[in-house]
Amino acid sequence: MATSKNVTVIPATLNLHTRSPHTSKVRRRVAAYARVSTDSEEQLTSYEAQVDYYTRFIKNNPDWQFVGVYTDEGISGTNTKHRDGFNRMVQDALDGKIDLIVTKSVSRFARNTVDSLTTIRKLKEVGCECLFQKENIMTFDSKGELLITIMSSLAQEESRSISENVTWGQRKRFSDGKVSMAYGQFLGYRKGADGLPEIIPEEAEIVRRIYREFMQGQSSNAIAKELTADGIPTPGKRRVWQRATVESILANEKYKGSALLQKTFTVDFLSKKTKVNEGEVTQYYVEDSHPAIIDPMEWQAVQVELAARKNSGKRHRQTSPFSGKLFCGDCGEIYGSKVWHSNSKYRRTIWQCNGKFNGNTKCETPHLYETQLQELFLKALSTYMVDREGIIADLQRTKKTLTDTDFIDADITAIEQEMTLLSDMIRSCINANAANTLSVSDYRIQYDDLCQRFESAEKKHNALLSRRQQMEREAVIISGLLFEIMGLDTLPIAFNERLWTATIDRVMVYADERLVFRFKDGTEITETL
């Protein structure tokens with residue numbers, strides 16, 4: 001027979017969450033959180049109203065002690081990383097300065113379920129409760145966390161839907177050819193009265209200067225230093241120019257009046273992380289979308305020069321038009337500029353082989369003065385121009401040949417059709433294998449054969465694309481040379497940097513003091529020191 005046991009009930013004396021005595025009546029330290037997600041005037045009015053409301057709401061409760069209203073303006077709620085007001089409030093709560101946080105709704109607190117739950121649990125550990133007025137949820141309530149999970153998920157889904165709608169709208173504008181620019185970070189353009197880009201004359205001249213100096217042989221770094229020294233502000237209104245800023249201006253197709261849209265895209269609507277578009281999403285190229293600052297032919301010539309400098313195996317500082325153009329006939333190294341007697345009245349700049357003293361035997365090629373180079377160039381140009389009309393005719397024929405890519409385009413189209421067909425056949429082969437209508441051995445034979453045919457077609461396709469691109473680059477070079485020659489009615493009596501850059505491909509310097517000038521059409525003319 002079981003005997004009854006004496007059980008004494010010991011009532012709880014401390015609050016489970018705050019650990020304060022049940023009998024004590026302590027005023028809770030209360031703060032509020034307010035946020036609007038855009039900088040529009042309407043939203044800012046809502047923001048001010050929220051601050052005023054919560055200040056009065058907390059102060060009117062005799063059991064509450066007002067701590068403050070923490071705020072964020074124009075900040076998205078999809079994550080808490082950049083919400084300074086929110087993060088400062090959470091830190092104050094973790095430091096024991098806040099007992100209760102009041103906010104309008106779960107979506108105001110966070111639209112990211114993970115962030116929302118993580119923060120609430122951290123606050124709960126230190127005895128700080130949250131009140132979401134719209135949903136009437138108190139986080140210390142036993143059902144609070146379940147309700148918050150549901151509401152946060154709904155808020156997150158709403159953010160995803162809004163993000164997708166915004167993205168769809170942007171891509172629809174792209175497909176319609178509507179161009180927009182980040183005018184605050186863009187040099188040379190502003191938003192016109194019709195909403196389209198219009199040229200700012202003073203800034204456009206800076207852009208033209210950058211292109212001109214680059215084609216005269218200056219490096220991006222040298223141009224950046226000059227712009228900084230001249231006190232010209234960057235596109236972002238900073239004082240110091242960087243090489244990357246100059247190169248971005250040189251490579252931006254908007255300066256020739258066209259626009260490549262969707263260069264980057266948002267990977268994840270929660271993190272707002274963006275990525276350079278490498279083919280993951282559709283791009284749109286709009287020609288003649290707005291007024292050009294740089295002539296399209298000049299812009300294309302700059303792209304060719306950029307690619308040539310990038311692909312060059314030789315590193316050199318392009319601080320003059322001669323940089324990267326002079327080569328040693330003994331070892332093949334680039335000629336570089338050197339300063340002699342830098343601290344005296346005999347200071348002179350000379351050019352000599354960069355590898356002259358690198359090997360066991362030094363190169364016997366001579367050093368050159370810039371005046372010598374200029375004089376010999378004018379002599380070589382004079383010889384080159386003896387049959388000016390014949391040169392112009394040859395260049396025009398060459399240009400016509402290089403710009404006629406119809407036969408390559410036809411081959412590219414045919415290869416692309418073949419690749420599409422092979423892709424469909426590979427897919428059918430895989431489906432047949434999945435449906436067990438092919439034996440394993442037959443499937444492997446067919447699959448391997450189709451893959452080899454596709455790879456072969458892809459190689460041909462890439463080779464054709466490379467060939468077309470090479471022809472386009474050569475056409476730009478020939479066009480630049482033709483433009484200069486046609487405009488040269490009389491030979492210059494003084495050295496012309498632009499003419500040098502447009503006509504000369506390279507100069508080989510030999511130990512017997514011969515200089516072989518190679519023009520951009522392949523013509524070689526020899527002059528002697």
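These legends accompany several close-up views of a predicted model.

**View 1. An open sheet of 5 strands.**
The strands of this sheet follow the order β2-β1-β3-β4-β5, and their pairing is mixed. At the edges stand β2 (64-72) and β5 (137-138), each with a single partner strand, so one side of each has no neighbour in the sheet. Strands of a sheet pair through backbone hydrogen bonds, in either a parallel or an antiparallel sense. The parallel sense is seen for strand β3 (residues 100-103) and strand β4 (residues 129-132), which pair over 4 bridges. Leu100 has Glu129 as its bridge partner in β4. Helix α2 (residues 84-94) lies across β1 (28-35), β2 and β3, and runs at about 150 degrees to β2.

**View 2. An open sheet of 4 strands.**
Here the order is β12-β16-β17-β18, again with mixed pairing. The edge strands β12 (326-328) and β18 (524-528) each pair on one side only. On average, and with direction ignored, neighbouring strands of this sheet are turned by 25 degrees against each other. Strand β16 (residues 504-509) and strand β17 (residues 514-519) run antiparallel and are joined by 5 bridges. In one of these pairings, the partner of Ile504 in β17 is Phe519.

In soluble globular proteins, nonpolar side chains tend to be buried together. The largest nonpolar core in this model has 50 residues, of which Tyr384 and Phe517 touch the most other members. Helix α13 (residues 440-486) gives the most to this core, with 11 residues. Leaving aside residues up to four places away in sequence, Tyr384 touches Ile391, Leu481, Ile485, Phe519, Asp521, Thr523 and Ile525.

**View 3. Helices α6 and α8.**
Two packed helices are described by the angle between their axes and the distance between the axes. Helix α6 (residues 201-215) packs against helix α8 (residues 243-251) at an angle of about 95 degrees, and their axes are 10 Å apart. The two helices α6 and α8 are therefore roughly perpendicular to each other. On the α6 side of the contact are Val207, Ile210, Tyr211 and Phe214, which meet Val246, Ile249, Leu250 and Ala251 of α8.

A disulfide is a covalent bond between the sulfur atoms of two cysteines. The whole structure contains 0 disulfides. Cys363 counts as buried, with 8% relative accessibility. Cys451 is in no disulfide either, and the nearest cysteine sulfur, in Cys429, lies 8.2 Å away. At 19% relative accessibility, Cys451 also counts as buried, because the cut-off for buried is under 20%.

**View 4. Gln352 and its contacts.**
Gln352 is part of strand β14 (residues 348-353). Its relative accessibility is 13%, so Gln352 counts as buried. Apart from residues up to four places away in sequence, Gln352 touches Ile334, Tyr335, Gly336, Lys338, Phe357 and His367.

Methods
Residues are numbered from 1 along each chain as its sequence is written. This is a predicted model: local features need pLDDT of at least 70, side-chain atom pairs count only at pLDDT 80 or more; totals for chains, interfaces and linings use all residues. Side-chain values use heavy atoms; hydrogens and water are left out. Buried means under 20% relative accessible area, exposed over 50%, partly exposed in between (1.4 Å probe, protein chains only). Contact means heavy atoms within 4.5 Å. Two strands pair if DSSP finds at least two bridges between them. Axes are lines fitted to C-alpha atoms, for helices over the stretch in contact, and angles run from 0 to 180 degrees between N-to-C directions. A nonpolar core is a set of buried Ala, Val, Leu, Ile, Met, Phe, Trp, Tyr and Cys residues joined through side-chain atoms within 4.5 Å. A disulfide is a pair of cysteine sulfur atoms within 2.5 Å. Angles under 35 degrees count as roughly parallel, over 145 as roughly antiparallel, 65 to 115 as roughly perpendicular and the rest as oblique.
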